Amino acid sequence: MTGTGRTAQLNAPYPFPVAVEVRGVTEPARFSRLPDALTALLGSLRALPLDAEQWKYFDDLFGPDAVPSVGHRLAMYGQVRALAFVGITPYVVKLYPADPEARP
């Protein structure tokens, strides 16, 4: 078996609606396209006073170049989570498949 199927899977866009939220900051929001969801999620994170190290982490994790890897993690694990810290207060940052019956 060659790695072609795995490479195609990693490069394919996530084909399902996705929901994003920053618990305690935003309500869950539904998007039909993963790149739009990631852009909105980074915008929501701007509401938090994050330090430069956290900004780099979230930009690497959810930036435009991360669409294939986030899509792969959603397909493999069903969700992507991270923690944003403001002082000692954690905020859960979460992406997960949205209910396909719900409206954006």
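1. Helix α4 is followed by G78, a residue with a positive phi, near 85°. The model discussed here is predicted. Helix α4 itself covers residues 67–77, and its buried residues are V67, V70, G71, H72 and L74.

2. Strand β3 (residues 80–86) and strand β4 (residues 89–97) run antiparallel and are joined by 7 bridges. Two of the facing pairs can be named: V80 stands opposite L95 in β4, and A82 stands opposite V93 in β4. The hairpin has 2 residues between the strands, and G87 takes a positive phi near 65° there.

3. How many strands does the open sheet have, and in what order? The sheet has 4 strands in the order β2-β1-β4-β3, and their pairing is antiparallel. Strands β2 (29–31) and β3 each have a single partner strand because they stand at the edges, so one side of each is left without a neighbour in the sheet. From one strand to the next, the twist averages 20°. As background, strands of a sheet pair through backbone hydrogen bonds, either parallel or antiparallel.

4. Helix α2 (residues 34–45) packs on this sheet and touches β1 (18–22), β2, β3 and β4. The direction of α2 makes about 5° with that of β1. Helix α4 lies across β1, β3 and β4, and runs at about 80° to β4.

5. The two helices also pack on each other. As a general point, two packed helices are described by the angle between their axes and the distance between the axes. For α2 and α4 the angle is about 105°, and the axes are 10 Å apart. Angles of 65 to 115 degrees count as roughly perpendicular, and α2 and α4 are therefore roughly perpendicular to each other.

6. Which residues of α2 meet α4? They are L34, P35 and L38, and on the α4 side the residues are V67, V70, G71 and L74. By class, this contact of α2 with α4 has 6 nonpolar residues, 1 polar residue and no charged residues. V67, V70, G71 and L74 in α4 are also listed as buried.

Note on methods. Residues are numbered from 1 along each chain as its sequence is written. This is a predicted model: local features need pLDDT of at least 70, side-chain atom pairs count only at pLDDT 80 or more; totals for chains, interfaces and linings use all residues. Side-chain values use heavy atoms; hydrogens and water are left out. Buried means under 20% relative accessible area, exposed over 50%, partly exposed in between (1.4 Å probe, protein chains only). Two strands pair if DSSP finds at least two bridges between them. Axes are lines fitted to C-alpha atoms, for helices over the stretch in contact, and angles run from 0 to 180 degrees between N-to-C directions. Contact means heavy atoms within 4.5 Å. Angles under 35 degrees count as roughly parallel, over 145 as roughly antiparallel, 65 to 115 as roughly perpendicular and the rest as oblique. Ala, Val, Leu, Ile, Met, Phe, Trp, Tyr, Cys and Pro count as nonpolar, Asp, Glu, Lys and Arg as charged, and the others, Gly among them, as polar.
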